[in-house]
Amino acid sequence: MIKKNIKFITTGQFVTFYNTCKGFSSDVRVRDLENQHLDINAKKLSELATIPLGLPYVLIIHGDYEKKADKLLQKYRTVS
């Protein structure tokens, strides 16, 4: 399992993030740092669109090709 801090700055990032994630066989989730119970399926654009811009979240990748998925999504990471 891979966990990385991420942040979305523009609404266009949701679409490119979704387009990247939907092709993964891995489970890809985005979790709110403040509300750990808020778990967003990154393969559903309607769920991603509920994320407020500019706030930190945790990207969780679990399953096949975790490292490949992590590399493709690295541009969304924040330094922590």
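Begin with the sheet: select its four strands, which form an open sheet in the order β1-β4-β2-β3 with antiparallel pairing. Here strands are DSSP runs of E with at least two residues, helices are runs of H or I with at least four, and both are numbered from the N terminus; two strands pair if DSSP finds at least two bridges between them. This is a predicted model, in which local features need pLDDT of at least 70, side-chain atom pairs count only at pLDDT 80 or more, and totals for chains, interfaces and linings use all residues. Residues are numbered from 1 along each chain as its sequence is written, and side-chain values use heavy atoms, leaving out hydrogens and water.

Next, select β1 (2-7) and β3 (39-41), the edge strands, each of which pairs on one side only.

Now turn to the aromatic rings. Phe8, Phe14, Phe17 and Tyr76 form one aromatic cluster. Rings of Phe, Tyr and Trp (its six-membered ring) pair if their centres lie within 6.5 Å; planes under 30 degrees apart count as stacked, over 60 as edge-to-face and the rest as tilted. The whole structure holds four aromatic pairs. In one of them, the centres of phenylalanine 8 and phenylalanine 14 are 4.8 Å apart and the planes lie at 40°, so the pair is tilted. Phenylalanine 8 is buried, at 1% relative accessible area; buried means under 20%, exposed over 50% and partly exposed in between (1.4 Å probe, protein chains only).

Finally, select phenylalanine 17 and tyrosine 76, an edge-to-face pair with 5.0 Å centre to centre and 85° between the planes. Phenylalanine 17 lies in helix α1 (residues 11-21) and tyrosine 76 in the segment after α3 (66-72), so the pair ties together parts 59 residues apart in sequence.
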